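Hi,

Here is the structure I promised to pass on.

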Amino acid sequence: MRTLPRRSGVVLFAAIAIGAGTLLGLAGWPQPNRTLEFSTLILAAILTSALAMPRPTTKDWATMPPAFVIDFVSLLLLGPHATTLVATAGTVTNGLTDSDRSQPIRRTVLNTAIVIVAIQASGYAYAAIASTTDLFTVWPGEGVPIAAAVIAYCFVKSVSAEIILPLVTRQPINRSWPMNLLRGCPTYVIGASVAVGLVEVIDHHAWDILPVAAVPLYFGYCAYCAHANRADEDRRRRDVIDSVDQGISVLDGSGRVTLWNDALEHILSCPRERALGRSVVAAVPVLGKTELPRAIDDALTNRSPRTLAALGLPSTAGARILQVRILPVVGGVTLLWHDVTERTRAEHTLKRSEERLALAAEGANDGLWEWDLRSKEVYFSGRWRAMIGLPAHAGIGRPEEWMDRVHADDIAPLKEALEAHLSGQTDHFQHEHRIRHEDGTYRRFLCRGVAVRAAGRRSTRIAGSLTDTTARAVGQEPLPSAGFLDPLTGLCNRAVFVEGLGRRLEELKARRSDSQFAALYLDLDRFKVVNDSLGHMVGDELLTAVSRRLESCLRQGDALARLGGDEFAILLNGLGDEAQANAIAFRIQATLSAPFSIGGREVFTSASIGIAFGRAQYNNPDEIMRDADTAMYHAKSRGKARHELFDADMHARTLDRLGLENDLRHAVNHNDFEVHYQPIVLLASGRCVGFESLIRWTRNGEAISPATFIPMAEELGLIEPLGTWVLQQACSTFADWQRRFPASGLDYITVNVSSRQLTQQNFLSIVEEAVHQSGLKPCDLRLEITETALMDSPAVAAKLLQELREFGVKIYLDDFGTGYSSLSHLHKLPVDALKIDRSFVKSLSLPDRPAIVESILALARTLNTSVVAEGIETDVQASELERLGCTHAQGYLFSRPLSTRSAEEILVANEPLGPKQVQPSDPVAA
């Protein structure tokens, strides 16, 4: 709706201006017979400014406006005074149609004044030069005053636009106006040339060429408008670039500066005039010592963007830090400069502060925390987390990680104290409460803090510390004496526990209590492994953590003590029946099954528990402890991580075992053993070619099975001297047989070796000594070693076996197939023969037996080893083994293990052994 009044105003002004021009023309002004031209020029000036045709939008004087052509035509035809009226009409019309309505009258008046002054100056210059000589009145001399008029016009507009107007409006003067003057003159000269052509057409009334020239003039006009608009867009872009705080420069393909904005002038203290057309290093020499030149060359060569995050720039005001991004563009690169000095210093200061705080938090004995009430996030220091048994690394968590650990009786008072401080009722937050440790126990902590709050607003953040006050709280409780407590765990020691157990036993004997009680003896499983592998400090922490968990399993009236090492004792009072003690033992096992967090790692343990109930038959508390200890060892022998109830049979078995152990020690010390020998025969002929030596022990006239006393000897550390004695006896006896019975065809004697013997430092020397003292050839001795013994330490075993083979001894792998050896290790071990276990031989008589024996024989052929089958009891087994390719065997089918005398009888007979042969009797079975 506002467009209609504006158009009406333009039409009204045009009518007035044209009417005035016509009246002046008719009155003979400015020249007689020029009324039509005068009115037409006024109309053309108005139309050029008002019609909706493409026109430049630039406000830069150096870009020639189309109205200049009309004004210059008027100047050449009618003179400067008439042109003033023509230019004024165009300028006013332009003001009436301008879309920018801010201060229209002031802008129109200023523009009109500038145009009038410029026209008068150009008219004066033209007249002054044209009147000096006749040469300037004819062509081509006439071009000189025309050029002078153009220069005068441009000079006046340049000075007015870039010096006078800035002074009037209190804006900075453009000191590069001479360059702009030289830049703008060419376009005005072109416009003046077009005006001269139009003047010639008018003077010579060559109207017939106007239709021909109109089309090129129009398209030329449109092209010029597009060029002007582009120039104006470039100017606006330069203005935007100059207005940003970030420094911007553009380099061409050769590295020379083509753009240098105002912000960069300030950042580098280098004016634009010094930088344009030169390299960055030439403009700012101090940059030559940085990595910037190399980065620019790399970006120009590889066309890849680069960023220099911290470019140091020395200056008189102090070093500055710049961030420079180098972006490849068409024909060069663009450099974006950002002064990050203050930010870098702030970041450095912040980092130093964070490091100091982190160091303080790390070194502090208290845990530190910070709670952001808006984001519901809590920062926990590493010490805070370590104090409750979590891995000791700082981090962000949720409030629930704290509050969910607070004891149920303390959570409500804690929240009340926290709310009172956050609401401003207290100056500081302070509360002591219990927090659940990772080991399941509760520890007491004193929490302090202070909130950050704005004036009149609720707190948004609170921070503080956490202090472990458990030891202080315990210290405030009355104790009988510090000597009655275990210094590591804070539990009662053995003396206090036994004393309390004795009082409870006296109450039972005096019938002062009807309730039952029981003593639990606990021993941690594999605790030595933890101590040896992770160190005693970790072991001590584990013992303390176990103590806390055991405390959580106690009922009111129960007592817990550490007896020493990894042993604990619990006195269960007020038992309704024996099943209740059993249930508590299960609860302890379940509690200890969860992993312990020790030193940032998970540690697992379990306990073997023995339970002894209080009986009136006990004379003293030590007897109860003894029986609970006995039950504990039974639990450990049955697989650990379990509990056992003591009974009378258990005590009897324990006493019998103790007697057996004592007798075994005596037998080892006095060599009260006998070596028996089981023949090894050739399956094809039944001829005896060797013997396996087997140890036998008779205790008080009763034969003790090797399956009973050999594991006991290993457990008691007696297997080494016992094995050495057997080795010496076997070598001596066999060497004697070879000398006495040369026709018997004996090839070898085998001796069993335990895993403990393999770990003896001097085992090789023991073997060598036994062979040399007996006079036996090393190649006649075979050492039988089980798969399990080899796999305990395959690398060490392989080295020892290789040394034995180098000495001349041969190695047999006993009970093959029943252990857990790996084929990947087996082929690396120096083994001469495999012994097929009796369990596989027994399966040969089964109709649907597995093909295990065949597999072992095939494996032996692959490894190029011999095979000896054990436990042959029937003809079917012997025949099947012979058919499968087994050459050597031993078992009851051929002979039981024999005493030395019985074995010599076989050697004297020198007959094949088998089911049809009469075997000498032997009182001891294998």
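**Salt bridges and cores**

E578 forms a salt bridge with R615, and their closest N and O atoms are 2.7 Å apart (a salt bridge here is a side-chain nitrogen of Lys or Arg within 4 Å of a carboxyl oxygen of Asp or Glu). E578 lies in helix α21 (residues 578–593) and R615 in the loop between β17 (606–613) and α22, so the pair ties together parts that are 37 residues apart in sequence. Helices (H or I, at least four residues) and strands (E, at least two) are DSSP runs, numbered from the N terminus. E578 is partly exposed at 32% relative accessible area, and R615 is partly exposed too, at 36%. For the wording: buried means under 20% relative accessible area, exposed over 50%, and partly exposed in between (1.4 Å probe, protein chains only).

Before you go further, this is a predicted model: local features need pLDDT of at least 70, side-chain atom pairs count only at pLDDT 80 or more, and totals for chains, interfaces and linings use all residues. Residues are numbered from 1 along each chain as its sequence is written, and side-chain values use heavy atoms, with hydrogens and water left out.

Searching the whole structure gives 30 salt bridges. One of them joins D523 and K636, with the closest N and O atoms 2.9 Å apart. That pair links distant parts of the chain, 113 residues apart: D523 is in strand β12 (residues 516–525) and K636 in helix α22 (residues 621–637). D523 is buried, at 10%.

D832 and R805 make another salt bridge, again with a closest N and O distance of 2.9 Å. Here D832 sits in the loop between α30 (823–826) and β25 (833–836) and R805 in helix α29 (residues 794–807), so parts 27 residues apart in sequence are tied together. D832 is buried at 16%, while R805 is partly exposed at 35%. There is also a salt-bridge network linking E692, E784, K835 and E870.

Now the cores. The largest nonpolar core has 82 residues, and those with the most contacts inside it are F673, F691, V767, L781 and L783 (a nonpolar core is a set of buried Ala, Val, Leu, Ile, Met, Phe, Trp, Tyr and Cys residues joined through side-chain atoms within 4.5 Å). Helix α25 (residues 719–740) gives the most to this core, with ten residues. A second, separate core has 40 residues, among them I46, W61, V115 and C185.

Cheers
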